[in-house]
Amino acid sequence: VNEGSIYTHANLAEFFLHEVGHIPKAITHTIRSCLVGIKLWGPSHPNVERKLVEFSRLLLAIGLEAKMDAVMKGDVEELERMLQLFAGT
């Protein structure tokens, strides 16, 4: 896992969201992108914060705004729970 993983997962998320239309896979890769960034640099790093904001907007768009606060705080445990939920679909 390295810096490139953040962008690899982000690119995959965009692909699944916009090209394939598979929201669970898009969310899975978005979460992975966020987790890599948080673990490498922390949630306040500008690049990580940008990914957290993008993910929060996606959550809002699909009606999961209750999870936005945990995402913006960089709550690793909550993100990992969400990953388990979406990766299983």
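1. Buried means under 20% relative accessible area, exposed means over 50%, and partly exposed lies in between (1.4 Å probe, protein chains only). By that rule Phe-16 is buried, at 16%. Phe-15 is partly exposed, at 41% relative accessibility.

2. This is a predicted model: local features need pLDDT of at least 70, side-chain atom pairs count only at pLDDT 80 or more, and totals for chains, interfaces and linings use all residues. Residues are numbered from 1 along each chain as its sequence is written, and side-chain values use heavy atoms, with hydrogens and water left out.

3. The whole structure holds one aromatic pair. Phe-15 and Phe-16 form it, edge-to-face, with 5.4 Å centre to centre and 70° between the planes. (Rings of Phe, Tyr and Trp, the last by its six-membered ring, pair if their centres lie within 6.5 Å; planes under 30 degrees apart are stacked, over 60 edge-to-face, the rest tilted.)

4. Phe-16 has a charge over its face as well: Lys-25, at 5.9 Å from the ring centre. (The test: NZ of Lys or CZ of Arg within 6 Å of the ring centre and within 35 degrees of the ring normal.)

5. Now the largest pocket. A pocket is an open set of points on a 1 Å grid over the protein atoms alone, where a 1.4 Å probe fits, with protein on both sides within 12 Å along at least five of seven lines; lining residues have an atom within 4 Å of a point. The lining has 14 residues. Ala-13, Glu-14, Thr-30, Glu-54 and Leu-58 lie nearest the pocket centre.
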